[in-house]
Amino acid sequence: MHHPQTPDARGPIALDSQDGAFAKSRGHSSTQSFGQEVTLSTIGGPMYLTAQTLIQQVSYALSDKLFTYSPETFDLDIAVKNWCSNKSPNARGCTAQVSSMQTRTGAASIALGYIFSKDFDLKKRDVPQSILASSSSLQHLRPAFDQLSLLYSIASPLVAHIAAINYAPGSPNSLVTDYSSALSLSEDLGFGLVSSFSAYEAQHMALFSTLLASILPTIHIYDGINMGRETTRIVDVMDQNGLFTAYNSILAEVSGPGKKHLDAEGKVGRLLRAFNGELGTAYQPFEYEGHSTPDSILMAFGTVESTLAAQVVSALAKPEAKVGVLSVRIYRPFMEDEFVRAIPKSVKRVFVLGQVHDEHAACDGNINSSLYSDVMAALTYSDGWTTVPSVFDVKYPRNHVWTPGVFANIFHHLQGKIHGGVGAVDGIGFFEGQYDNFQVLSSSTTRQYTLWDVTDSRSVNSAVAIANILSSESTNNVTVKSEHDNLVQGGVLRTDIRSSRQIVETPYSIERADVVYLGEEKLINNINVLANIREGGILLIRLPGSKDEDLEIKFSPRLKRELAERNIRLFILDPQASASVEKDSNAEMLLIELAFLKLANEYLLVSGLERLLSIHGNLLQLQDVLKDLKKAVRRFSVPDAWAMVESGVDMPSLPTRINLNSFTPFEKEETDPPSCLKSWEAAAKCLIFKEAFSVRTALRPDLSVKTWTVQVKENRRLTPLTYDRNIFHIEFDLGDSGLSYDIGEALGIHGENDEHGVRQFIDYYGLQPEDIVEIPSRDDPSFLESRTVYQALMQNIDIFGRPPKRFYEALAEFAKDENEKKKLLMLGGPEGATEFKRRAEIDTITFADVLSEFPSARPAFHDIVKIVSPMKRREYSIASSQKVTPNSVALLVVVVEWVDPKRRGRFGQCTRYLSKLPLGASVTVSVKPSVMKLPVKSTQPLIMAGLGTGLAPFRAFVQYRAWQKLQGIEVGSVLLYMGSRHQREEYLYGEEWEAYRDSGVITLLGRAFSRDQPQKIYIQDKMRQSLDNIIQAYIKEGGAFYLCGPTWPVPDVTEVLQEAITTSARAHGKKMDSRKEIEKLKEELRYVLEGVFLHMLFIK
């Protein structure tokens, strides 16, 4: 029963509550690894993290108290707030206090008040205090920092970890990397200033800065836009105990005799030497990379500037390229002796890459960068040169975008003949030139992918899921970073993913991607996405319901020309071609991920399935989408004519990248349609007064596909009762239902839960089976569907299914017991991945089990409807041909059953449902198309290999060929290979196969019963024994090969086919690549795998 929602149809009102000290997180955050929360105790060793998480770890582990000044969307403190809320102990054995403060005038006054309070515990005087903030906060922190610098001799050590992020109103990028604010403040107030060059050293520099705070108040600055938010693999992460040990050891060493007699520079030098000695590192205040005897060097400060300049100068290394780069790690105190020592004596010119506030300052000859002034002073008063090198100020504004090409142009200009002693040079001219497309990464070792989508897309999180899957390969080093532009199409998301066998440091956007995905057609008119694809790369574009002939109109002249000229391979993703997406729109995210993986790295379609399943938690849906992949993704051959642009056609220039103006999408308030329990009287009123309540009745309104009702005609077990596998043949009478089906299609069974189990759950949960529950329609959420509690549990709610991670996370919201809540959140987060996998695959825990295990988490039934997955139809290959049995449809099914570690009998929901159906029982079914279709020509041979119930579609094939032969139609040969364990128990349809063989329909019957003899014989062995028959039917007569069943024989069976191809070619004096030929046969639908999945995955 459907009716529209009215105000009176509301469910219970939920009141906001706040148990902890912090507001609830929005969910995915770009400062966390793959957007997921990281537990403090799990940090250590090789793992994927962001630099921002590592910096927070150091702060939390070593500090007594943290003061954070993070704008809500920056998420600079999201991890420490989570650790504090969970009362995670730090390295000192206590929970670090975290005070999340507003950024406004007087900021940091509370921090000063805490440090200088008369109630301050003097035992903590040497314990460092930490601040987490951005460059945008420095102007508000400055007054308090000014006071602190004057009183520092009696203060606790204080370190400020500053993400170099600031707002730049009026700039194309509203968010910019701001070092100039920190450079100015540290110079004016005498603060220490330390820079991190990359995520790989962010933890070390955070630790060093905390140690430096024992000498003078210190700012640790780093790129908070790129490096701080890029998830990457770091191999030598220290856990917090290791941090604490190193901290104490280094501090003890520098506290020895002679410390008091050193000036600030001497103390910092001594500290750095102790630091390197303890950690086995070789950090220097100034680090040089480049030619051993350069004429010109570039001096750089900042994460991206230092890292990228060093990479480019290394890539340009040639004897004639006498250039280098000197990167500044410790800017304050400015250690002049170390600086002079780091510069090669051959240097004649020093170009200082200095950041200034904006374009106006960059062009103003009266304004110098901070770094330039220090370099000039140090070189002028140094006696290290006979002729002091010329110094030039190469200024750039905060919103400048760095790429390898920009630095390649800079170093090209450095080699030119620049005359004059000192002064500013034209920065813009310095940054432009012939090397704009210069790349430092090799395409042979690194694969690059870019995904574009709008932020309200259903699949907006697919990019991070893909990166997660890529990272499952232990030999891969994956990086992933996302950017938002909320001013285009209501919000655009760009995600860059790199995958390499080597460690990659790439704090810049991808410029030459191997594969680009475009999730929203409208973006074609806003962004030149092709500018970021390499020559001959792949573009996968989502175009629902689009036909090939539509592309001529949809695509602009510029897009068509670039596709043709640059040989870009174009693939169309059509979600409407997927039956799985039609059935459940949430399956589109999975479809996109599988399609992308197929094009990016087809190997991951097998090796990455287990990781993909752990993310989505729905095996059956994964199987369904895999079946749909070939239909939903198609290649479009770009016409050569597209390279010719019509004269007079206006081709406006489009931006090649988005303008970064946010780290999160716009917050869009969406309220879920409520559901509630009502009495039968309320439902009866709606039925009696249908017009008043806009009610319409429907059979199984929860199902979004066309369904039919059929009756059980036959339900016959094929294996002996004493055998451990119950394989049965079930046949349905179609009656006057009107259901029709084609060869190779699958029958969807809309099954029901076990009645005994449902009644047990109703009693346990204290429900009334006849109460009415209202839930939103899947087709139109504005309509509510009314069912009884009993009906909902029997037909709609997968209460005995396997819960995904998101269920644990959702259930935690209802837990009243803190320990239960923590465990639920752990199981729903990345730190619980191992236990979640055990519960899912070994313990086979169900939704009902979880609700029983955590009694304090007791959601109301209308909430259960929302958080428990709906039951899905189960599809089975049809084992009959309607030409032979026009009024019935048959299935071949094995009951899935096992015993869990608690000795409880477990069953597959649908297979048990089918096995128990009595004759005459009504069943709701639907039909799903399949890629396993017969060849168009009846004379084309069939080679079929089926294991167990994988024989089902081949029974339909053989029945149809037998029918054709009776009609006098010429048919090709039929080779059927079948495999099972024992002939006596599992010779499924054996008499039928032999009868078809005797009548000449089946040409060859290869039977492999693996355990009927001492030496196991498998299906591939039978195929190899009849290799000549396969060569004749498959190669010479152009037959089609089909394999249905589990995955384990796929490599061996494929190897036999490759042998046939190679043997045939050799007989004709040819040499052929059998692997490429198999791929060609796949495209021609002459090598078809159906129902083939990882054998280790559990199938209901």
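How many of the residues of strand E40 (residues 1040-1044) are buried?

A: Five of the five are buried, so strand E40 is largely enclosed by the rest of the structure. Buried here means under 20% relative accessible area, with exposed at over 50% and partly exposed in between, using a 1.4 Å probe and protein chains only. Strands are DSSP runs of E with at least two residues, helices are runs of H or I with at least four, and both are numbered from the N terminus.

Before going on, a word on what you're looking at. This is a predicted model, where local features need pLDDT of at least 70, side-chain atom pairs count only at pLDDT 80 or more, and totals for chains, interfaces and linings use all residues. Residues are numbered from 1 along each chain as its sequence is written, and side-chain values use heavy atoms, leaving out hydrogens and water.

Back to E40. In a regular strand the side chains alternate between the two faces of the sheet. Here both faces are covered: Ala1040, Tyr1042 and Cys1044 are buried on one side, and Phe1041 and Leu1043 are buried on the other. The strand also has a parallel partner, as five bridges join E40 to strand E37 (residues 942-947); two strands pair if DSSP finds at least two bridges between them. Within that pairing, Met944 stands opposite Tyr1042.

The buried ones are Pro404, Gly405, Val406, Phe407, Ala408, Asn409, Ile410, Phe411 and Leu414. For the whole protein, 56% of the 1100 residues count as buried, and there are 39 helices and 41 strands.

Now a sheet elsewhere in the chain. Seven strands make an open sheet with mixed pairing, in the order E20-E21-E19-E22-E23-E24-E25. Strand E20 (477-485) and strand E25 (633-636) stand at the edges with a single partner strand each, so one side of each has no neighbour in the sheet. On average, neighbouring strands are turned by 20 degrees against each other, direction ignored. E20 pairs with strand E21 (residues 492-500) in the antiparallel sense over nine bridges, and Val478 stands opposite Ser499 there.

With a relative accessible area of 11%, Ser471 is buried. A polar atom of its side chain lies 2.6 Å from the backbone oxygen of Asn468. Beyond its neighbours within four places in sequence, Ser471 is in contact (heavy atoms within 4.5 Å) with Phe34, Tyr48, Val478 and Arg611.

Another serine to click on is Ser880, in the loop between strand E32 (874-877) and strand E33 (888-894). Ser880 has 2% relative accessibility and counts as buried. Its side chain makes a polar contact with the side chain of Tyr741 at 3.0 Å. That term covers pairs of N or O atoms within 3.5 Å; within protein, one must be able to donate a hydrogen and the other to accept it, and residues adjacent in sequence count only if both atoms are side-chain atoms. A polar atom of the Ser880 side chain also lies 3.1 Å from the backbone nitrogen of Ala890. Leaving aside neighbours within four places in sequence, the residues in contact with Ser880 include Arg955, Ala956 and Gln959.

Finally, the rings. The structure holds 31 aromatic pairs, counted when the ring centres of Phe, Tyr and Trp (its six-membered ring) lie within 6.5 Å; planes under 30 degrees apart are stacked, over 60 edge-to-face, and the rest tilted. Phe145 and Phe191 have ring centres 5.1 Å apart and planes at 35 degrees, so this pair is tilted. Phe145 sits in helix H4 (residues 138-150) and Phe191 in the loop between helix H5 (180-189) and strand E9 (192-195), so the pair ties together parts that are 46 residues apart in sequence. Phe145 is buried at 2% relative accessibility, and Phe191 is buried at 1%. Phe275 and Tyr283 form a tilted pair as well, at 6.3 Å centre to centre and 45 degrees between the planes. There's also one aromatic cluster made of Tyr179, Phe286, Phe301, Tyr331, Phe334 and Phe339.

Methods. Axes fitted to C-alpha atoms, helices over the stretch in contact; angles between N-to-C directions.
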